Amino acid sequence: MKNLISERVADFIKNYPPFNVLDNTSLFQLAEQVIIVYKEKNSVIFTVDENQHSHFYMVHKGAVTLNNPATSNILDYCDEGDIFGLRPLFANENYKLEARAHEESIIYGIPIDLFKPIAKQNEQVTIFLMESFASNTRNPYAKSQKGQLYDIEDNEEINKEVVLPDLQLASYSKKLITCSTRTSIQKAAELMTKKQIGSILVVSKELPVGIITDKDFRNKVITGKQPITASVKTIMASPVITYPKNLTITQAQMAMMKSNISHLVITEDGTPNTAALGILSKHDLMVSLGDNPAVLVKAIKRATRTKKIKQLRKSIMVLLAGYLEQNIPLGIIAKIISELNDTCIKQVVEISINKMGTPPPVKFAWLALGSQGRSEQLLHTDQDNALVFEDVPEEDLPKTTTYFLELSKHVTKALNVIGYEYCPADMMASNPKWCLSLQEWKNKLSYWISNPGPNEVLMSSIFFDYSLAYGERSLLDNMSDHIFRTVDKYPIFLVHLANGALQSPSPTGFFRQFLVEQDGQHKDFFDLKSRALRPLIDAARVLILSHSVKAISNTWERYEKLAELEPNNKELYLACSYATKALLKFRTKQGLSHHDSGRFIELEQLTKQEKMKLKRTFKAIKEIQELITLRFKVTNILG
Amino acid sequence: MGLFKKTPKNLPEFWKSYENLFKETQSKNFDDLVFVVLDTETTGFSFEEDRILSIGAVKIKKEIISVQDVFDIYLEQEKFNKETVHVHGLLKNGQRDCISEISAMQKFLEYVGNAIIVAHHAGFDMGMLNTALERHGLPKLKNTVLDTGVIYKKTLIKSYLVQPKSNYSLDELAEKFSISRKDRHTALGDAYITAVAFLKIISRLKEKKNFSLKSLLR
């Protein structure tokens, strides 16, 4: 029975191989029998040695990874439109890999019984299947190899830990920007500026005849050798160096070194006599190699679509895992990763402003709150953010607010796409209560500080850890000054904040055993965030605020500053600084290996040594809490 | 009302077999439950004056929706309300094959069985369905009903400053959960959107303490 849902399914699958070559009748016949499966994040679709399912799968929304659970290696990463779990059904054997939802996903299950006869009838489908079964390359992130079925690796290959660059295919940009030989130099430069590219291909009769890079403008035009009105023919490098596609990274590097050039032209048959398919630049190679923050920053800044940033964030995670493995000091890791995350957010805001069509009416600042504001966010967590804009005349306020709310909606949605969950308490700039003018914010902050109930303390604790993610710094400074002036007037606020800092549940019981959660989904797990990290974070905040130190929002940096300000407590503060870093590192490692936020820890999985390490940090927590109790006389006033 | 209930023997056979399904006890395990997510398009908002134009529904078993097993029917109309045509585009006796109200009810009962009914702002859809049943001298639906509009609110954290809205539209849910709004305002299309939203809500609620069917009904 053809229905709306089957039409929707057909509409989707027809865009991807092998379904793109099917005729409409077979397509609809298949679509009507599809099952739509919902998988929550981290749930298993099939495991190693499981019996064949009656369906193979295509990712509709979300992402699925194919893993080897024995080595916990991710062997392939299936994006929207990729199919998986097909080969075992053809080979008539059990699954060799485990498929797991990497994000919350919706997958289509396509019945094999129905697909087999269709595949046999259709030559193109058969060829596609043969090619993908036979393919041995494995680069999870290269778009050019997507849609292949990786179920085929035999054990020998699975054991290979490193992907060698000489086997990895270099991905190249397929969006060719070209001009003709008669184009003027100025026109070509304008086109390159508009498209934000560093090189342009010169074609004649659809064949590549030359290439111009930024360097050619400097060497041959600005030096005065050629006027900007001359044709590009006078400055282009010709002939072009051409290669066929499926060039490996090493091959491409060699080719560039050999001819001392930075761009290769990829053509259909590898000679200049066929049409160009794309350009492979040194930059593309660097991105393929990946593990380099500078390259990632550049790539993020170039991204014009949110989806692209999402892909780049995967590389950031690979980088993070590598750093942790190499035992690089956490302070440095956090700096690099936060810098990369900040760049992502900046780019997202830029993209969103472009979407708005009109530039912002007044200056504004996008604030990162919570862990991101403290530069302590290494894994993807919830987004907490706020927006502040310059004061405007009262009659313009509604209009201005509407603009920034609209902008915030674009930004929070895009952040959600790249992997930041929406804040469940709606503390986001897209909430009208978190998108205000400078004066409105000041009023709100004054209210919190002068009426400190438990809620106000919670609000302000999120709010005092903020950093500028995008926009005008003076707005932020103005807010900070206002906070310190107001806190001076209401010293009792600090006592409430201090009291709030002592509210976190204790990490250990009377006999120094770990206290675990009593019920809920995380029963018997240790809550690292609220029992260990939060007390340290909260304590640092109230202490630093009492010293009126602004512009340091990072917890361990706050402790380092405190050690400087109070030499008599130096040792304790440095211990706290160390403990914070150690705990965060611990949490990040846990999060990476379990693909979650790392907040809840299964104690049984820890080694004796790890447990000892954890317990050592608890000593610092206890002592800092005692210091706060004494200093702010919390018990006297509230007890 | 209960006093003038029809005696069981007057009820048609299809109702009896529907009713019999409820004699079996349902599984306590949430993952074993069957859900029928439905949406109705109607000529208007009055239970008495207006009529159902179409019913669309999908069935969820173990987080799987089978495309083959969806429910999509259009009803013959004697009444016609011009004002809502622009919303759902269903013209009276359009090109679709339409069936009578009573056979639509019979088909629907066969489809839904003793599954748990899920709908967005379920009160309205249930009201329309129950009034339709009543017109043919049949009792009300016996199924357990979940409203995605209500259970969505359970995923939100209640906190100072952030009072959840009292009402979330299907469009807002689709937006929050990034569900494509294609086929919006067709009964089956809306049912599908509601089904995906329902699955996503449930996966978020499962993390909470004491999650069970009962906790959703509260």
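1. A:His263 stands opposite A:Ser281 in strand E14 (residues 276–281) of chain A. Five bridges join E14(A) to strand E13 (residues 263–267) of chain A, and the two run antiparallel. Strands pair here if DSSP finds at least two bridges between them; strands (E, at least two residues) and helices (H or I, at least four) are DSSP runs numbered from the N terminus.

2. This is a predicted model, in which local features need pLDDT of at least 70 and side-chain atom pairs count only at pLDDT 80 or more, while totals for chains, interfaces and linings use all residues. Residues are numbered from 1 along each chain as its sequence is written, chains are lettered from A and ligands numbered from 1 in the order in which they are written, and side-chain values use heavy atoms, with hydrogens and water left out.

3. E13(A) is largely enclosed by the rest of the structure because five of its five residues are buried (under 20% relative accessible area, 1.4 Å probe, protein chains only). Both faces are covered: A:Leu264 and A:Ile266 on one side, and A:His263, A:Val265 and A:Thr267 on the other.

4. Strand E12 (residues 242–243) of chain A is joined to E13(A) by two bridges, and these strands run parallel. A:Tyr243 stands opposite A:Ile266. Between E12(A) and E13(A) the chain passes through helix H9 (residues 249–259) of chain A, a right-handed β-α-β crossover (with the strands pointing away from the viewer, the path from the first strand over the helix to the second runs clockwise).

5. A:Asn416, in helix H15 (residues 397–418) of chain A, is buried at a relative accessible area of 17%. Beyond its neighbours within four places in sequence, A:Asn416 is in contact (heavy atoms within 4.5 Å) with A:Gln383, A:Glu421, A:Tyr422 and B:Ser178.

How values were computed: Buried < 20%, exposed > 50% of the residue type's maximum accessible area, 1.4 Å probe, protein only.
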